[in-house]
Amino acid sequence: MPETALVREQMRRSLVIARKDIRIYYSKGPVIIFGVLFPVFLFLSFTIGRDLSVDFMIPGLLGMILFFTATSISPIVVPWEAQARTLERLMSCPVRIETIIVGDILASFAFGVGISLITIILGLFLGVTISNSVVFALALILAAFCFASLGTVFSIPPTNMPSTVNMIAAVVKFPVVFISGVFIPLDQLPAWGQAVAYISPLTYFTDIARTSIQGQGHLPIVVDLLVLLAFTALFLVVAMKLHQRTMPRRI
Amino acid sequence: MFSVPMNNNVAIQVVNLTKYYGELLAVDHVSFTVGRGELFGFLGPNGAGKTTTVRILTGVITADKGSASILEYKAGSLKAKQVAGVVPEMANAYADLSAWDNLMLMAELYGIPASVARQRGASLLQDMGLFPRKDSLVKTYSRGMKQHLILCMALVSDPEVLFLDEPTSGLDVQSVRLIKDLLQSLNAKGKTIFLTTHDMDEANQLCDRVAIINKGNIVAIDAPEKLRMATSGMHSVEISFDNVVSPEVLANIPGVNTVKKLGDKYRLYTANPGELVVSLANYSSSHGLNVISLNILVPSLEDAFVALTEKEAEHA
């Protein structure tokens with residue numbers, strides 16, 4: 001079979017795996033708690049009582065929601081399946097390990113985009129306007145894919161305990177939220193704070209959201225998009241290479 | 001779908017397959033060939049290397065050395081996986097999906113057209129008695145039903161080669177019988193079946209040939225009957241008397257190799273059961289004993305297995 005036909009076939013099977021993940025994992029407790037409830041309560045605790053405009057709050061809330069939802073499913077699927085003893089059967093199907101990982105990423109990506117759309121609709125009801133909606137939609141899709149890919153990086157260590165992977169993910173996710181311009185705009189951070197912010201992929205999506213909603217951001221949108229693209233490629237390559245090594249060790 | 005190479009009678013070819021887990025040598029230069037249409041048993045105690053071998057053949061893990069192929073496709077390649085159906089050891093179906101959805105998921109992952117998958121899926125579920133419960137979530141299934149479903153999932157792609165790792169382990173008698181009947185009927189239709197088990201009776205009843213593996217090494221490959229008969233010195237005579245006889249006395253009767261007490265009977269192992277029966281008759285008449293029962297036993301596959309694995313241990 002020519003390589004392009006093979007890739008198309010594996011992509012179709014990734015979609016099959018994503019659909020399976022959506023049906024099984026969207027309603028799992030840890031996904032709802034860490035993916036939806038946690039960022040909402042975290043955001044409320046930081047905003048209630050402060051005199052902040054809706055235009056300021058929505059980009060931050062959106063960035064945090066997208067980050068937490070898009071990274072809530074992709075880390076737990078592989079350890080969950082290893083623990084439930086469904087992974088070996090999946091690995092013996094005619095699918096590559098990359099196909100399994102992309103399937104998990106797609107399920108997490110769809111969850112992130114779906115929940116974020118609810119936030120956007122909420123914002124529109126509150127009077128928020130989005131300029132450059134096509135670019136903004138592109139950024140949302142790219143960022144959701146980037147964060148979902150990051151999620152699969154969290155599950156590289158070959159533990160079969162979803163709770164351990166969630167702990168690893170939490171150790172990274174919480175500091176990232178605080179350094180990414182969600183609660184404090186980048187312009188108000190000291191130079192060292194901005195330097196730290198640049199190592200977080202969430203910074204660039206939040207910046208695009210601020211540009212599109214508040215009218216001004218910290219970096220040009222093109223730079224934000226290119227950096228998001230670079231992070232996505234990095235997370236994908238790392239996840240694919242390292243899962244090749246660790247997935248067989250889960251069995 | 002991939003085409004299957006024709007004019008070849010080899011279904012599974014394994015050459016010098018070797019796998020380490022850290023320092024532990026789990027599979028040690030294992031070589032064997034399974035013919036097309038053969039029901040091949042892979043027999044060994046727990047930890048012998050059976051599951052590791054199956055996992056290499058089904059592409060779940062990779063070997064450190066050696067090679068393996070399924071219908072001439074390299075083990076672990078997409079083509080090799082496409083032509084194989086797998087029932088892994090202790091595997092589960094997705095508990096949060098129905099039996100039907102599990103089956104259709106597998107069919108999609110093997111690229112089976114939906115109409116073919118639906119027809120085949122319904123027929124398989126009927127055969128295994130699961131059709132009336134096809135829309136129930138698998139988490140509501142009993143252990144036997146789950147195992148039957150796993151088997152259906154392995155068969156929905158109509159594979160040429162079927163790998164089953166301890167498929168009947170821990171199941172009730174009826175479930176085991178259903179699985180054995182299905183394997184025999186699949187084999188009769190020309191499917192190649194690679195079955196790992198530690199159950200001697202199962203291997204004896206089902207398999208055309210059996211490989212005995214112990215501590216990562218293959219110690220014998222042959223038809224079950226030939227393996228049994230080749231075990232010299234493992235014939236035995238089972239006898240019970242109307243009075244107490246000490247095993248030491250029986251051990252001194254000419255021709256007796258070993259004495260084993262089994263309830264109110266003794267099993268006397270010998271190389272020549274005919275002569276031993278005469279000696280036992282003489283012994284009982286000269287000591288005023290009555291023989292209640294006497295049976296001559298040919299070695300079981302279990303005897304052959306114990307003898308072969310013990311020989312291997314002595315070599316080591």
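A: In this predicted model, Leu164(B) stands opposite Leu195(B), which belongs to strand S8 of chain B. The two strands concerned are S7 (residues 161-165) and S8 (residues 192-197) of chain B; they run parallel and are joined by 5 bridges. Helices lie against this part of chain B. Helix H5 (residues 143-155) of chain B packs on the sheet and touches S6 and S7 of chain B. The direction of H5(B) makes about 165° with that of S6(B). Helix H6 (residues 173-188) of chain B also packs on the sheet, where it touches strand S3 (39-43), S7 and S8 of chain B. Between the directions of H6(B) and S8(B) the angle is about 150°.

The sheet itself comes next. In chain B, 6 strands make up an open sheet with mixed pairing, and their order is S6-S7-S8-S3-S9-S10. Strand S6 (84-87) and strand S10 (217-222) of chain B each have a single partner strand, so each of these edge strands has one side without a neighbour in the sheet. On average, and with direction ignored, neighbouring strands of the sheet are turned by 15° against each other.

One residue pair here is Ala211(B) with its bridge partner Ile221(B), which is in S10(B). S9(B) and S10(B) form a hairpin that has 2 residues between the strands, and Lys215(B) takes a positive phi near 50° in this hairpin.

The domain assignment of chain B lists domain 1 (10-229) and domain 2 (235-298). Taken over C-alpha atoms, the centres of the two domains of chain B are 43 Å apart.

Strand S12 (residues 256-262) and strand S13 (residues 265-270) of chain B pair in the antiparallel sense over 6 bridges. Lys265(B) in S13(B) is the bridge partner of Leu262(B). The hairpin of S12(B) and S13(B) has 2 residues between the strands, and Gly263(B) in the turn has a positive phi of about 65°.

Ala251(B) is in helix H9 (residues 247-251) of chain B. Not counting residues up to four places away in sequence, Ala251(B) touches Val256(B) and Val259(B). The C-alpha atoms of Ala251(B) and Leu268(B) are 8.0 Å apart, while the two residues are 17 residues apart along the chain. Ala251(B) has 13 other C-beta atoms within 10 Å; a residue counts as buried at 20 or more and as exposed at 12 or fewer, so Ala251(B) is partly exposed.

As for confidence, chain B averages a pLDDT of 90, and 95% of the residues score at least 70. Within chain B, the highest confidence is in helix H3 (residues 99-109), at a mean of 98, and the lowest is in helix H11 (residues 301-315), at 73. Residues 1-7 of chain B have a pLDDT below 50, and this stretch has 9 contacts in the model beyond near neighbours in sequence.

Chain B also meets chain A: 22 residues of chain B are in contact with 18 residues of chain A. Helix H1 (3-25) and helix H5 (87-91) of chain A each supply at least two residues of the side that touches chain B. H1(A) gives the most to that side, with 6 residues. By kind, the residues of this side of chain A are 9 nonpolar, 2 polar and 7 charged. The model has an ipTM of 0.92 and a pTM of 0.88.

Technical notes:
Residues are numbered from 1 along each chain as its sequence is written. Chains are lettered from A and ligands numbered from 1 in the order in which they are written. This is a predicted model: local features need pLDDT of at least 70, side-chain atom pairs count only at pLDDT 80 or more; totals for chains, interfaces and linings use all residues. Two residues are in contact if their C-beta atoms, placed from the backbone, lie within 7 Å. Helices (H or I, at least four residues) and strands (E, at least two) are DSSP runs, numbered from the N terminus. Ala, Val, Leu, Ile, Met, Phe, Trp, Tyr, Cys and Pro count as nonpolar, Asp, Glu, Lys and Arg as charged, and the others, Gly among them, as polar. pLDDT is the predictor's confidence in each residue, from 0 to 100. Two strands pair if DSSP finds at least two bridges between them. Axes are lines fitted to C-alpha atoms, for helices over the stretch in contact, and angles run from 0 to 180 degrees between N-to-C directions. Domain bounds come from an automatic or database domain assignment.
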